[in-house]
Amino acid sequence: MAKPKTNPKAHQLCARHSDPQSDARPIIWSQWADFEARAKNAEDAARDIELSLRLAPRNPRALFVDGLLNWLGPGFFGDQEVGCQRFLEAATAFGKEEPASSIRWGAPEAHFWVGRCKRQEGDREAEQQFFERALQLAPGYVAAQRALGR
């Protein structure tokens, strides 16, 4: 089976943008679309998201995907502490994002994952707040409902 390739056209598109909220969109969408396929090739995925973060360091979706790569990364590629830090950075960055953004995914998920991290740390109050915020952003978010025992 051939090794998955990065998308050079997405990198070129990304490099042409100056808006920090849109710089990484082509790469992030590409990354998300083939996230499952790239799970077997964490080095390439990490390199792609690293490029996204260099182009748009505060892009909440890039931070969120980086959190997933760290949290879920196999073996020595994974680092749950870094994953939790990235989820918190993403949730914070989503709070600063303009409400008119045309892309809607990521904010509830980032808050949910911060809630999981807070649960793991034993911070029940913060855990509750992040799960509740995930539900405010996406009222039908089943994972957040279950995390709150609903």
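In this predicted model, the largest nonpolar core holds 31 residues, and Phe64, Phe87, Phe112 and Trp113 touch the most other members. Two or more residues come from each of helix H4 (42-55), H5, H6, H7, H8 and helix H9 (142-147). With seven residues, H5 gives the most to this core. In soluble globular proteins, nonpolar side chains tend to be buried together.

Of the 150 residues in the protein chain, 45% count as buried. Among contacts with a separation of 6 or more, 53% join residues 24 or more positions apart. The accessible surface of the chain is about 8600 Å², and carbon and sulfur atoms make up 53% of that area.

Helix H6 can be followed in more detail. At its start, a side-chain oxygen of Asp79 lies within 3.1 Å of the backbone nitrogen of Glu81. The helix covers residues 80-96; at 1.5 Å a residue, its 17 residues should span 24 Å, and this agrees with the 25 Å between its end C-alpha atoms.

Which residues of H6 are buried? They are Gly83, Cys84, Arg86, Phe87, Glu89, Ala90, Ala91, Ala93 and Phe94. An α-helix has 3.6 residues a turn, so residues three or four places apart point the same way. The cover over the buried residues of H6 includes the helices below.

| Helix covering H6 | Residues |
|---|---|
| H5 | 60-72 |
| H7 | 107-121 |
| H8 | 124-137 |

Note on methods. Residues numbered from 1 in each chain as written. Predicted model: local features only at pLDDT ≥ 70, side-chain atom pairs only at ≥ 80, totals over all residues. Heavy atoms only, no water. Buried < 20%, exposed > 50% of the residue type's maximum accessible area, 1.4 Å probe, protein only. Contact = heavy atoms within 4.5 Å. Areas by Shrake-Rupley, 256 points an atom, 1.4 Å probe, with all protein chains shown as cover. Helix = DSSP H or I, 4+ residues; strand = E, 2+ residues; numbered from the N terminus. Expected span 1.5 Å × (residues − 1). Polar contact = N/O pair within 3.5 Å; in protein donor to acceptor, adjacent residues only side chain to side chain. Core = buried A, V, L, I, M, F, W, Y, C linked by side-chain atoms within 4.5 Å.
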